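Walk through this model with the structure open beside the text.

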Amino acid sequence: MAEMASTEILLEITKDNLETGLRGYPVGYCTTSSVDPQKGLFYVGHPVSSMTHWDPEKVIYLLYHGQEGTNEQVSAFASELRERSPISPIILGHIRQLPKQTTPTKLFCIALLILGSLEGVGDYREDALNLVAKLPELAACVINYHAGWGNSNPSKPELGYMENFAHMLKVPNADKDSLVQIFRLFNILHYDHGGGNLSAFTGKAVSSGLEDLYGSLTGAMCALAGPKHGRANQDSLDFINSLIEAIGEDASDEKLTAELERRLSENQLIFGFGHAVLRVEDPRATVLYELAQQQYANNPLVKMALTLRRVAPKILGAHSKAADPYPNVDAISGSVLSAAGFPYSKYFTVLFGLARCVGISRQIIYERLEARDGKGVPIYRPKFFYLQ
Ligand code: MLT
């Protein structure tokens with residue numbers, strides 16, 4: 001795997017290596033997932049595209065146990081998650097008192113801190129399992145409250161992990177089966193993305209000072225909130241909408257090419273293409289493009305996203321000689337979420353966080369409790385040169 005660092009590699013640091021956001025430098029191990037520039041994301045050695053029909057609980061079992069569970073093991077794990085899932089109504093009440101004049105992702109961060117303050121037990125493993133179990137209800141409460149949809153429908157964990165999330169969320173006029181399908185898939189595709197993505201790195205850095213799991217994840221989710229990380233799916237959908245407004249939903253490849261050329265000549269951004277690690281179309285995007293083509297081919301957003309998939313890599317490759325001009329998962333995820341009945345782009349980062357907390361929590365368990373024969377990784381403390 002590309003991210004699997006050989007301990008024998010010795011780096012000679014020069015000035016060119018500084019102020020690069022640590023891009024590509026090995027700093028540790030990740031036991032949950034790896035990202036190969038040519039093949040994309042693997043969970044515990046399994047390509048993510050091979051588990052799109054798995055139950056979320058089965059994928060979470062894999063990430064938490066490092067191996068595929070038998071049916072009995074997965075079903076026992078799912079029932080443990082169900083038992084751990086209730087959140088005290090007092091906490092939900094506190095969340096519904098928060099000011100709404102902020103982003104939903106910030107509300108999600110505050111909700112994590114409230115949950116940790118009142119229900120955290122101070123043990124990384126226990127807290128991680130409790131949090132994973134409670135995440136769907138926590139995220140549903142934040143979204144329903146912020147959107148003005150009222151209190152969540154009462155939790156029914158027996159429905160299944162993401163089925164219960166779709167049930168609790170009071171999305172107006174949505175077809176529940178379509179929502180369940182896209183939420184399950186989106187959730188599975190976003191659990192983890194190697195050890196070095198900004199939110200995972202931040203969560204582990206915060207936890208290295210021995211902050212508890214909830215505080216560490218709050219740091220991670222603040223990192224996720226930025227437009228260069230988790231908010232990119234919201235921005236990509238807004239970008240697709242702006243293209244439809246400018247050239248119409250049935251624009252030809254030529255018309256879209258001209259529009260993209262025009263925007264690039266004005267130094268405007270093209271969203272949803274390129275990735276820090278990948279050098280091919282993101283396999284998570286490929287999975288979503290397939291679903292989009294099969295089920296939502298006539299949706300205007302999907303039509304534009306599919307035209308962009310054909311046109312943008314050529315233009316971006318020629319224009320900027322970018323190493324990766326290919327679609328990443330954000331190029332299509334927002335369009336499919338919208339087509340499936342969830343067109344509320346301001347909540348996309350919360351959906352991303354609901355998934356990503358699962359992988360980051362497991363990565364924190366490794367760094368705190370398992371790394372270095374159980375001693376844990378020391379407090380993060382890289383060196384910065386003094387500059388006058
Ligand atoms: C992703 O899901 O693509 C990431 O979190 C971004 C990254 O890997 O740096």
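Valine 44 takes a positive phi near 45° in the hairpin of β2 and β3, where two residues lie between the strands. Strands here are DSSP E runs of at least two residues, and helices are H or I runs of at least four, numbered from the N terminus. This is a predicted model: local features need pLDDT of at least 70, side-chain atom pairs count only at pLDDT 80 or more, and totals for chains, interfaces and linings use all residues. Residues are numbered from 1 along each chain as its sequence is written, and side-chain values use heavy atoms, with hydrogens and water left out.

β2 and β3 (residues 46-47) pair antiparallel over two bridges; pairing requires at least two DSSP bridges between the strands. Tyrosine 43 faces histidine 46 of β3. On its other pairing, β2 (residues 40-43) runs antiparallel to β1, with four bridges joining them. Serine 34 stands opposite phenylalanine 42 in β2. Three residues separate β1 and β2 in their hairpin.

Now the charges. Side chains of opposite charge can pair when their charged atoms come close. A salt bridge puts a side-chain nitrogen of Lys or Arg within 4 Å of a carboxyl oxygen of Asp or Glu. The count by this rule is 17.

Take glutamate 68 and lysine 58, whose side chains meet at 3.2 Å, N to O. Glutamate 68 sits in the loop between α1 (56-65) and α2 (71-84), lysine 58 in helix α1, ten residues apart. Lysine 58 is buried because its relative accessible area is 18%; buried means under 20%, exposed over 50%, and partly exposed in between (1.4 Å probe, protein chains only). Glutamate 68, at 40%, is partly exposed.

Glutamate 80 and arginine 84 form a salt bridge at 2.9 Å, N to O. They are four residues apart in helix α2, so about one helical turn separates them. Arginine 84 is buried at 16%, and glutamate 80 is partly exposed at 28%.

Glutamate 370 meets arginine 362 at 3.2 Å, N to O. Arginine 362 is buried, at 8% relative accessibility. Shared partners also join Glu259, Arg262, Arg263 and Glu266 into one network of salt bridges.

Last, the surface. Ile13, Leu18 and Phe385 form a nonpolar patch with about 300 Å² of accessible area together. Patch residues have over 30% relative accessible area and no salt bridge; like charges are joined within 9 Å, nonpolar side chains (Val, Leu, Ile, Met, Phe, Trp, Tyr) within 5 Å. Areas come from the Shrake-Rupley method with a 1.4 Å probe; for residues, only the protein chains shown count as cover. Leucine 18 lies in the segment before β1 (33-36) and is partly exposed at 34%.
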